[in-house]
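Me: I'd like to go through the salt bridges in this one. Can you take my questions as they come?

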Amino acid sequence: MRKTNRYPVEHANSLWQIYKTVPFWKVMKNFIFIQLGRYTPFLRVKNWLYRTFLRMKVGKKTAFALMVMPDIMFPEKISVGSNCVIGYNTTILAHEYLIKEYRIGDVVIGNDVMIGANTTILPGITIGDGAVVSSATLVNRDVPSGAFVGGNPMRVIYTKEEMAKRMGEDKTPE
């Protein structure tokens with residue numbers, strides 16, 4: 001189960017009530033800095049933008065590829081560990097607006113995590129240290145440390161133990 005806080009709404013769907021949940025000027029500021037980050041080829045500059053203006057927690061030597069889309073309304077709820085690679089065009093959501101409610105949840109990505117291109121990470125998700133997420137995956141539940149996951153919806157392809165065994169078998173004797 002994803003860890004999100006749920007907020008019921010009345011009358012129109014929750015997206016029509018967006019500026020009751022997040023200030024307009026915050027969204028505008030976030031939009032500008034996210035767009036700068038999406039097109040910036042300089043990793044240090046991108047991480048600085050995300051830390052400084054979006055209040056994201058970004059570890060050392062983490063690399064956001066071009067076109068990565070952090071949550072525009074609640075980027076401060078995203079935490080990415082050190083030495084991670086976030087693949088091209090990945091979307092990291094910390095909110096979801098539904099018909100009768102909206103939900104907000106922290107996204108925690110551990111250290112040494114590889115996330116493939118075109119992946120979508122939903123709110124309230126934790127991805128453990130050393131995990132690998134295949135390209136085009138819908139991350140709809142937590143990912144165990146060291147696991148290799150993929151698909152839509154996501155499934156565990158190899159556990160940490162299975163990955164260690166496979167990596168050991170791939171080594172050629174010297």
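Me: Which residue does Glu96 form a salt bridge with?
Reply: Glu96 pairs with Arg103, with the closest N and O atoms 3.3 Å apart. A salt bridge here is a side-chain nitrogen of Lys or Arg within 4 Å of a carboxyl oxygen of Asp or Glu. This is a predicted model, where local features need pLDDT of at least 70, side-chain atom pairs count only at pLDDT 80 or more, and totals for chains, interfaces and linings use all residues. Residues are numbered from 1 along each chain as its sequence is written, and side-chain values use heavy atoms, leaving out hydrogens and water.

Me: Is Glu96 buried or exposed?
Reply: Buried, at 15% relative accessible area; the cut-offs are under 20% for buried, over 50% for exposed and partly exposed in between, with a 1.4 Å probe and protein chains only. Arg103 is buried too, at 18%.

Me: Which residues are in the network with them?
Reply: Shared partners join Arg2, Arg6, Glu96, Glu101 and Arg103 into one network.

Me: New topic. How many salt bridges are there?
Reply: The count is 7. One of them is Glu76 with Lys26, at 2.9 Å between the closest N and O atoms.

Me: Where do Glu76 and Lys26 lie?
Reply: Glu76 is in the loop between strands S4 (69-70) and S5 (78-80) and Lys26 is in helix H2 (residues 24-39), so the pair ties together parts 50 residues apart in sequence. Helices (H or I, at least four residues) and strands (E, at least two) are DSSP runs, numbered from the N terminus. Both Glu76 and Lys26 are buried.

Me: And what does Lys77 meet in a salt bridge?
Reply: Asp106, at 3.7 Å from N to O. Lys77 is partly exposed at 29%, and Asp106 is partly exposed at 43%.
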